[in-house]
Amino acid sequence: MVHRLQWWLQPSLLVVPKHTEWPVLKEIKSWSRNIKKQKNLSDLSLSQAHTPHAEICCFSSRIKYFNSRKMSVFTQQLNPITGKLEWGIQPEDYDYKQEVARSAYADMLHDQERNDKYYEGLRRSIADLRKRGQEVHVLDIGTGTGLLSMMAVACGADSVTACEAFYPMAECARKGLTANECADKVRLVPKRSTEIEVGPGKDMERRANLLVAEVFDTELIGEGAIDTYRHARDVLLTEDALLVPSEGTVYAQVVSSKMLQRWNHIQPVTRIKQGSKEEEVLVSVPECVQRCPGAAAVHDIQLSQVPQEWFTPMSHPLPVFWFDWSGRQKDIPCDETTRVKFKTLASGDCDAVFMWWDLRMDQDGEVMLSCAPYWAHPDLADKSWKGSSEDIPWRDHWMQAVYYLPQPRTVCEDTTFTLLSAHDEYSLWFNIQKDESEDICEERPVCECGIHIANSRTRLGQLNDPRRLEMYVRVLEKYIKPDSVCLALGDGCLMAVAAAKLGARHVYVTEGSDPNRRVIQEFITTNDVQHNVTILSEDVCDTSVEQMVSPATITFSEPFFSTSLLPWHSLYCWYMRNTCLHLLAPGAIRTPGTVTIWGLPVQYRDLWKIRAPLHQCNGFKMDIFDKLIETACEEADERVEPQPLWEYPAKARGYPIRLLTLDLAAPIPENPMTSADSITLPSPGHVNGMALWADWHMTDEPGDALTTGPVEPVALDQYVSWDVYSRQGVYLFKEPVTVDKMQPHTLHYSVTFQPCDGTMVFDFQMKRQTLNDS
Ligand code: SAH
Ligand code: ZN
C-alpha cells in the first residue's frame, strides 16, 4: 500500500513511514521544506509509534498523512501533557489554514531586502531581454502569494506563468492576483514545476525566457532547488533564458566552539568531590556515543546572535560551492565534493563549520543578496567599526547553519588544511583533512549511537548544560541514601544513571523511545550499574510493585519529555506520576514539588514579524494573505508558540510576573484553576508580546529551581538573557502599545490550567488607563 505522505511539521516533528526507502525519505524532506521554511526541522526527533492505519516511525505532537487516492486526512494528536494519543479523520476539504499560518511565509514576505532585490533583479533582466529585442515570457516557480509574478507584470513582462505546489498557497495566490488586478496577466498553475506541460493549449504555451524562483532554504538546496532548476533547464526554459537569481554561492567557515559542541557531543556528567575542590566524573559516556559523528540534520541558527566569546574562527569564510542556476556554464550536480585549502587562524580544536550563502540577483553581479552573519557581511566589509546584528536585515526564513565535524580535530595555528565540502540533492556536510593523502570519512555523517536520533538539539544541549547538571546532582545528593529506591520519569534521563552512581539501592527509569532505551542501556553498562538500574516502558501503570525491589522512596523528573515543546508541557511528569502512585512508598519524596509559570511583557526586536499583517508588499495588496494568517491564528488552539529566545532579542518592558503555581505533590485537581490579576506597565516603552516560561522547584530552597526562562536578573529596558537550552513560550499582541507618561496602560492577565487535557490557556490584554482606573 502506497501512502503519499505529506505533512506539516510541528516543532520537533518528523514523520517517516517505517521501512522507508531512502528516495522516499528524500521526497519527504523536500516536501516538508517546501511547506515549512522553518528552522524547527533541525530539532527533529524520531521514535516508534504504531497507528491503526500504518506503521509510522515518528515522534510528534501531531501527525498527518493521507492516502493519495482517497485524500482523507488522518490526524493523530499526541497530547504532550496527558500523554494520550488521539486519532481523528479530517474531511476531504480539511482546512490547511493552520499549516499556512505556522509556516514562515509571513516572515519571508516581511523581508524587505529580499523583496526589493528580487524586484530589482526582475527589472534589470526584463530590460536586458528587451535590449535583445525579445518578448518577455516569465515563469515564476513557487509563486506563494503571487508576489514575484505581480512584480514581473509591473516590470512589463508579456506573459507570466506562476506555479505553486502547495495547494492552499496556490488558492491564496489566485485570490491575491485578482485583488491586484493581475489575474488576466498571470496564468496560475497549481502544480509542482516538474509536472508542468509545455505546448499549445497546455500549462505553458511556450518555454519561458525568464525564470524567477525563490525555492531556497537555510541550506540553500534543502527545498529541492537542484531538481527544480535541472528540470526547468531541460523542459521549461529557452536556451538563452535569463534567471533571477542567476547564481548562488555557499560559504563555509571552520570554527572552534565548545559551547556549540554542547548541542551535538555528549560530555560526561561531573561533580565536585565532597570535601575537596576536585572535579570527578560521575557518569561516563559510552564509547559508541563518544565516537558517534552526531546528528546528520543541519543545525540552523541565528548566527548573528551567537556571542563572539562562544567561538574562535579557525579559517576565514571560504566559498565552497558555486551554483549556476541556468546550468549552462556549469551543470547543476546532484552530488558534488569540493576541496578548499586554508591556513588555520589559531591553535585549538576544529569543531564545526558555519555556513551561509548569497545569491546573485541580476546578470552582472551588481545586485547581491547575502545571508552572511554581520561579521562576514559584504555590506559591512568597509566599516572600520565592529558591527552588530542590528546592522544587517533580520530574517528567520533563511538563517545560517552549523555543521559539526564528525570528530573534533586538534590543530596548530598557521597550518595548511583542506576543507572538504559535500552536498547531495538536499543536504550539505563537511570534514577537514591535513592533506589529500590522509584518509578521512567523506560520507554524510549519520548518528550511529541512537542518542542523536532520539533527542532534539535542544535536548542534547540540556544533557550537556552545566547549570542543569550541577543542580540535578546537588538535589540527588541531598535526597539519595543507601536504601533509596528511585523512580525516574522522563526521556533520555541520564540522571537515572547518576542516581545509581550516587549510591541509590535501585533506580527505575521510564523511557519512551527505543533508540534512547538502547543508549541508556549503554550508559548503564559503561558505568557499571547494571544491577542497580532498570528501564521501564513509558506505561508505568503496567508495572506492578512486586516487580520492584521495594516501593520507590523517591520519584524524580528533570522534567523532560521528547514531546515537550513548550516549557509547561513537561507537566506530563505530574500526569505520569499519577499513574504510578501504586509504585510509591508512603511519604515518598517527589521532585520537582512545584512549578511556577511566569510571564514577562517584552518588546521583541524582530520576532513580531512572524505574525504581523503585511497590508502590502512593494505596493501589492496582501490583505488576502493577511486574512488567511489571521483567521488561522484565531482558530489555533494555542496562541503561544515555542521559540529559543536567545536567538530572538527582546527587551524587558516590566518585571517577571508569577502567573500560576501548581503543587505537583498534590493530586491533579478536578476543576480548572485560574489565576488573574493586572499590573500597570512601566513607562516609557513599546510592548508587543509576552515571553512565558516555567520554573521547576526541585526542593523548597529557592536555589534549587530549574528555570527555563531568564538566567540573569531581569532589568527594565534591557535585553533578557535566556536559558539557551529551552524554548520559551512566545505570545504576540495583535495590537502592540507604546506606553508613556501621558498614556499609562494596564496589563490584565489570566491563566487557566485545565486538568482534563492539561491545557494552559493564557489571556493578556493591554488597556489604556482611564481616569476611573487610577
Ligand atoms: N515566490 C514567493 C514564495 C516563495 S516560498 C515569494 O517569493 O514570496 C517558496 C514556494 O515555492 C513555496 O510556496 C513552495 O511550496 C513552492 N515550491 C518550491 N518548489 C517548487 C516547485 N518545484 N514547483 C512549484 N512550487 C514550488
Ligand atoms: Zn549518535
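1. **Ground rules.** In this predicted model, local features need pLDDT of at least 70 and side-chain atom pairs count only at pLDDT 80 or more, while totals for chains, interfaces and linings use all residues. Residues are numbered from 1 along each chain as its sequence is written, chains are lettered from A and ligands numbered from 1 in the order in which they are written, and side-chain values use heavy atoms, with hydrogens and water left out.

2. **The whole protein.** You'll find 16 helices and 40 strands here (DSSP runs numbered from the N terminus: H or I of at least four residues for helices, E of at least two for strands). Of the 774 residues, 60% are buried, where buried means under 20% relative accessible area, exposed over 50%, and partly exposed in between, with a 1.4 Å probe and protein chains only. Among contacts (heavy atoms within 4.5 Å) with a separation of 6 or more, 77% join residues 24 or more positions apart. The accessible surface is about 30800 Å², and carbon and sulfur atoms hold 50% of that; areas come from the Shrake-Rupley method with a 1.4 Å probe, and for residues only the protein chains shown count as cover.

3. **Who surrounds ligand 1?** The shell has 21 residues, with Tyr-105, Arg-114, Gly-142, Glu-164 and Ser-193 the closest; a residue gets in if one of its heavy atoms lies within 4 Å of the ligand. By type, the shell splits into nine nonpolar, six polar and six charged residues (nonpolar is Ala, Val, Leu, Ile, Met, Phe, Trp, Tyr, Cys and Pro; charged is Asp, Glu, Lys and Arg; the others, Gly among them, are polar). Helix H3 (residues 105–109) gives the largest share, three residues.

4. **Polar contacts to the ligand.** A polar contact is a pair of N or O atoms within 3.5 Å; within protein, one must be able to donate a hydrogen and the other to accept it, and residues adjacent in sequence count only if both atoms are side-chain atoms. Tyr-105 puts a polar side-chain atom 2.4 Å from a ligand oxygen, and a side-chain N or O atom of Arg-114 sits 2.7 Å from an oxygen of ligand 1. Thr-143 uses a polar backbone atom, 3.5 Å from a ligand nitrogen. Taken alone the ligand exposes 570 Å², and the protein buries 100% of that.

5. **Helix H14 (residues 514–526).** The buried residues are Pro-515, Asn-516, Val-519, Ile-520, Phe-523 and Ile-524, and their cover includes strand E14 (279–283) and helix H13 (495–501). Just past the helix, Asp-528 has a positive phi of about 60°.

6. **Helix H5 (residues 147–154).** Seven of its eight residues are buried, so H5 is largely enclosed by the rest of the structure. Gly-156 follows, with a positive phi near 90°.

7. **Ser-750 and Phe-762.** Ser-750, in strand E39 (residues 745–754), is buried at 18% relative accessible area. Phe-762, in strand E40 (residues 759–768), is buried at 9%. Beyond four places in sequence, Phe-762 is in contact with residues including Trp-568, Leu-659, Tyr-731 and Ser-750.
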